[in-house]
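Student: Could you walk me through this structure and show me how the labels get decided?

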Amino acid sequence: MRYTLLFFDFQLQFARRLAERLDLPLPDALLHYTTFSKTLEHRDWQEFAETVVRVPHATEWIYQYYLEQRLPDPTSEDTKYEGNPLFGCFTYRVRDTTIIRVHFMKNDGLSTHPLSRERMEARKDELCQMFSYIKQHIPAAQTVLGNSWMYHLEAYRRLYPPSYTAQLPMSDEAELQFLAFWGQCFDYAWNPKPAITNTILERLEHVTQPDQVRWCFPYQILQPQCPITDFYTYYGIE
């Protein structure tokens, strides 16, 4: 889970180029078009952003700021993360009392890819445990609603009931402040993927309007959904 210096460096590079393209103040570009406002805890955004603009080595300053306030990474044995139940690589949030949002993180404890075919059954077991817990503790839950770029990946979709991923509508929102969108730019060690990041920067050179920014990214956020009972049936939860 620990982000790398390059995780912040690429987003800062993107924000600087975008600010030039759209004639935006850099603090505005950082606020609306990077994950900084979500991944960094700061009491005063304006003070933070003005410091980024002012300091000579901004990436190094941001990274040190992050290291000083980051939470410890979870382990594969942990049962909670940030106060929420944790099931290996998965946790969830409840929205509007009836909607379950699944969240994935690299928390395998092994050096293999967490979505590899070799680890597929382990991931399904974690999802089975999580939805068993949800059925027991959140009886009002009715729907599972996804919200991530990761549903473009067959290795991720195959973990879920076929009815859940049968339709993959695209989100109406760009959500450029969230890892659900930005995660596509980085590998599982949080280093930039050159094939994607280079494409994004190339496309950025043709942007003339704010509503064009999201289309610099190869993958948009997809939002599958289905009744939660499909999950109970798929994982054999009584």
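Predicted model: local features only at pLDDT ≥ 70, side-chain atom pairs only at ≥ 80, totals over all residues.

Student: Where is T34, and why is it called buried?

Tutor: T34 lies in the loop between α2 (26-33) and α3 (36-39). Helices here are DSSP runs of H or I with at least four residues, strands are runs of E with at least two, and both are numbered from the N terminus. Buried means under 20% relative accessible area, exposed over 50%, and partly exposed in between, using a 1.4 Å probe and protein chains only. T34 has 0% relative accessibility, so it counts as buried.

Student: What does the side chain of T34 reach?

Tutor: It reaches the backbone oxygen of L30 at 2.6 Å, and the backbone nitrogen of F36 at 3.2 Å. A polar contact is a pair of N or O atoms within 3.5 Å; within protein, one must be able to donate a hydrogen and the other to accept it, and residues adjacent in sequence count only if both atoms are side-chain atoms. Leaving aside neighbours within four places in sequence, T34 is also in contact (heavy atoms within 4.5 Å) with Q11, A15, A29, L176, Q177 and W182.

Student: How do you know that T4 is buried?

Tutor: T4, in the segment before α1, has a relative accessible area of 16%, so it falls on the buried side. A polar atom of its side chain lies 2.5 Å from the backbone oxygen of W190, and a polar contact of 3.5 Å joins the side chains of T4 and N191.

Student: Is E77 buried or exposed, and what makes it so?

Tutor: E77 counts as exposed because its relative accessibility is 64%. Its place is in the loop between α5 and β1 (80-81).

Student: And why is A141 called buried?

Tutor: A141 is at 9% relative accessibility, so buried is the label.

Student: What makes a set of residues a nonpolar core?

Tutor: The set has to be made of buried Ala, Val, Leu, Ile, Met, Phe, Trp, Tyr and Cys residues joined through side-chain atoms within 4.5 Å. The largest one here has 40 residues, and those with the most contacts inside it are F8, F14, F36 and F217. α1 (5-22), α2, α4 (45-54), α5 (58-69), α9 (179-182) and α10 (194-204) each supply at least two residues of this core, with α1 giving the most, 9 residues. Apart from it lies another core, of 30 residues, among them Y151, Y156, I228 and Y235.

Student: How do α4 and α5 cross, and which residues meet there?

Tutor: Their axes come within 8 Å and cross at roughly 145 degrees. Axes are lines fitted to C-alpha atoms, for helices over the stretch in contact, and angles run from 0 to 180 degrees between N-to-C directions. F48, T51 and V52 in α4 meet A58, W61, I62 and Y65 in α5.

Note on methods: Residues numbered from 1 in each chain as written. Heavy atoms only, no water.
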